[in-house]
Amino acid sequence: MSSLVGTATLAAQKFIDLITLKACREPKETPLTPEDIVGVLEGRGWEAEIVKAADMEGMIDVCPKGILKCVDGRGSDNEAMAGPKMAGGIYAIAHNRHTTSIEGLKAITKEVAAKGHVPSVHGDHSKDMMGCGFFKLWLTGRFDDMGYPRPEFDADQGAQAVKEAGGFIEMHHGSHEEKVVLINLVENKTLEPQEDDQRFIVDGWAAGKFDLDVPNFLVAAAATVEMLGGPKKAKIIVA
């Protein structure tokens, strides 16, 4: 476990170094570029390439009825897949902001709804609400070395809070067989999971919509894939 946590910490530091370097070179804030993302991932041993949205089959407009869901590529009892994808669903927002309380989670649930999306978290049919790998990593301290405080609630309490605040609880099934990580930077676009051809889908643009720390958001997503033994292969999708 220690080596995996160390890997996650190294990823965070590389992104911090990159942003610090840019800040030194340019007095105005410089957004993270697709080339930056490729460079950092390749430096960590990933295969990464930039692709055009026009060349990606299955790109769709985000739909307000689609849930803001986890990046999980497995099958699901939910059919409303046209919402943004973040690690852990709305847990990604709480994690990025260091929000650890039930009340804070409920507030985020309402915020997501107010911004036009259906908030959600998920479990699966084998582990119930602990079936979300991202939340399990967060709860059990695997992000501690990256400076993220652990949630003050367990998986069942988190799911109940989201439900009480008007969110949706999704349940996945089957085994993880994702072959690639798709990091989509095209605003208000997404892809839908395919149970028979799994991929992790990360809508990077959505981090900006919720005023998250984008480099840390992407680090957390990459670290999650690594700690769960997922594919170190990414496509960064641009307009």
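In what order do the strands of the open sheet of 4 strands come? The order is β1-β10-β7-β9, with parallel pairing. Here strands (E, at least two residues) and helices (H or I, at least four) are DSSP runs, numbered from the N terminus.

## What you're looking at

This is a predicted model, where local features need pLDDT of at least 70, side-chain atom pairs count only at pLDDT 80 or more, and totals for chains, interfaces and linings use all residues. Residues are numbered from 1 along each chain as its sequence is written, and side-chain values use heavy atoms, leaving out hydrogens and water.

## The open sheet

Let's walk across the sheet. Strands β1 (residues 47-52) and β10 (residues 233-238) run parallel and are joined by 6 bridges; two strands pair if DSSP finds at least two bridges between them. Lys-52 has Val-238 as its bridge partner in β10. Next, β7 (residues 181-184) is joined to β10 by 4 bridges, again parallel, with Leu-182 opposite Lys-235. On β9, the bridge partner of Leu-182 is Ile-201, and β7 and β9 pair in the parallel sense over 4 bridges.

Two helices pack on the sheet. Helix α2 (residues 34-43) touches β1, β7 and β10, and its direction makes about 160 degrees with that of β1. Helix α8 (residues 214-227) touches β7 and β9, at about 170 degrees to the direction of β9. Touching, or contact, means heavy atoms within 4.5 Å; angles run from 0 to 180 degrees between N-to-C directions, with axes as lines fitted to C-alpha atoms, for helices over the stretch in contact.

## A buried asparagine

Asn-184 sits in strand β7. Is Asn-184 buried or exposed? Asn-184 is buried, with a relative accessible area of 0%. Buried means under 20% relative accessible area, exposed over 50% and partly exposed in between (1.4 Å probe, protein chains only). Leaving aside neighbours within four places in sequence, the contacts of Asn-184 include Met-59, Trp-205 and Ile-237.

## Helix α4 and its partner

Helix α4 (residues 102-114) has 13 residues and reaches 19 Å from first C-alpha to last, close to the 18 Å expected at 1.5 Å a residue; that expected span is 1.5 Å times one less than the number of residues. Among its buried residues are Leu-105, Ile-108 and Val-112. The buried residues of α4 pack against β3 (67-68), α3 (91-97), β5 (118-124) and α6 (155-164).

With α6, α4 packs at an angle of about 40 degrees, the axes 9 Å apart. The two helices are therefore oblique to each other: under 35 degrees counts as roughly parallel, over 145 as roughly antiparallel, 65 to 115 as roughly perpendicular and the rest as oblique.
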